[in-house]
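Me: Could you walk me through this structure, please? I am new to it, so please go slowly.

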Amino acid sequence: MTTRELTYLPFMKMHGLGNDFVVIDERGMAPRVDASLAVAMADRHRGVGFDQLAVLSDSADSDVYLTFWNSDGSLSAACGNATRCIARYLMDQTGQTDLAITTDRGRLFARDAGDGLTAVNMGQPQLDWQDIPLAQHVDTLHLPIAGDPVATGMGNPHCTFFVDDADAVNLATRGAATEHHPLFPQRTNVQFASLTGPDRLRMRVWERGAGVTLASGSSSCATAVAAARRGLTRRNVRIDLDGGTLHIAWRDDGVWMTGPTAHVFDGRWWM
């Protein structure tokens, strides 16, 4: 590698339903991404802009290891749409139709779902208050918060409100306030969902460390689990987000999320 090549960092811009990511491939090289770089690249005016940054690194027991950074420089153990985007990229690159992916959430599995769609198994949901985690022992199906939300862990914490009309919610105000609720010591992602038909939900999301996003894979999984636990839907649902539609199936082997992905462009970040 020449001196000139060491002065920039190649990256990809991807999105899943408008939930957008910068993806950096560090396989075979020393780590270069840290919190300050994530914050700089996240700036939509002076940087690239993203909801999350995903880093690929080598894994001894799977096809790739993924690390996720939020736009505020904090880490997240899970990012479902980014995982799907990267899975599609690796499938196109290698010709594989099934992948094993390691994250801080654990070992995940992805597959080609046909018709250009990619599915990822996000693992079993965490339903115990200690695993989500919450600050104290409470009923995770009925949190002691105004609006009677549900708490779910998907490798990151989620707080889901079921409302009459998700589009009428002031997402920025209520999402920001709930993200920092003292019941969530690690902060939380926040969803507002309405039942719009049999096994169909309209959902909007506020992501911790990122704010309002057009879609969120782990939030969609958490909302589907919460709706099934409440008896509002069965375990196989369609979720309509601001950026498009995901299909979520809570099965015996975990929560499967299926939807489209997009590789937007490649770029270079000058160091």
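Me: How many helices and strands does the chain have?
Reply: The chain has four helices and 17 strands, where helices (H or I, at least four residues) and strands (E, at least two) are DSSP runs numbered from the N terminus. This is a predicted model, in which local features need pLDDT of at least 70 and side-chain atom pairs count only at pLDDT 80 or more, while totals for chains, interfaces and linings use all residues. Residues are numbered from 1 along each chain as its sequence is written, and side-chain values use heavy atoms, with hydrogens and water left out.

Me: And what does the radius of gyration come to?
Reply: The chain has 18 Å, which agrees with the value near 18 Å that a compact globule of 271 residues would have; the radius is taken over C-alpha atoms, and the globule rule is 2.2 Å times the number of residues to the power 0.38. Along its principal axes the C-alpha trace spans about 60 × 35 × 30 Å.

Me: What share of the residues is buried?
Reply: Buried residues make up 56% of the 271 in the chain, with buried meaning under 20% relative accessible area, exposed over 50%, and partly exposed in between (1.4 Å probe, protein chains only).

Me: Let's look at strand E2. Why is it described as largely enclosed?
Reply: Six of the seven residues of E2 (residues 19-25) are buried, so the strand is largely enclosed by the rest of the structure.

Me: Which strands pair with it?
Reply: Strand E1 (residues 8-16) runs antiparallel to E2 and is joined to it by five bridges, and strand E3 (residues 52-57) pairs with E2 in the parallel sense, also over five bridges; two strands pair if DSSP finds at least two bridges between them.

Me: How does the chain get from E2 to E3?
Reply: The chain crosses through helix H1 (residues 35-42), and this β-α-β crossover is right-handed, a term for a path that runs clockwise from the first strand over the helix to the second when the strands point away from the viewer.

Me: Where else is phi positive?
Reply: Asp-115, in the loop between strand E7 (106-114) and strand E8, has a phi near 55 degrees, and Asp-148, in the loop between E8 and E9, also has a phi near 55 degrees. Most residues other than glycine have a negative phi, and most peptide bonds are trans.

Me: Are those two aspartates buried or exposed?
Reply: Asp-115 is exposed, with a relative accessible area of 81%, whereas Asp-148 counts as partly exposed at 31%.

Me: Where is there a cis peptide bond?
Reply: A cis bond joins Ile-132 and Pro-133, with omega about -10 degrees, and Pro-133 is in the loop between strand E8 (117-121) and strand E9 (150-153).

Me: New topic: what surrounds Thr-102?
Reply: Thr-102 lies in strand E6 (residues 98-103) and is buried, with a relative accessible area of 13%. Leaving aside residues up to four places away in sequence, Thr-102 touches several residues, including Asp-61, Tyr-65 and Arg-107, where contact means heavy atoms within 4.5 Å.
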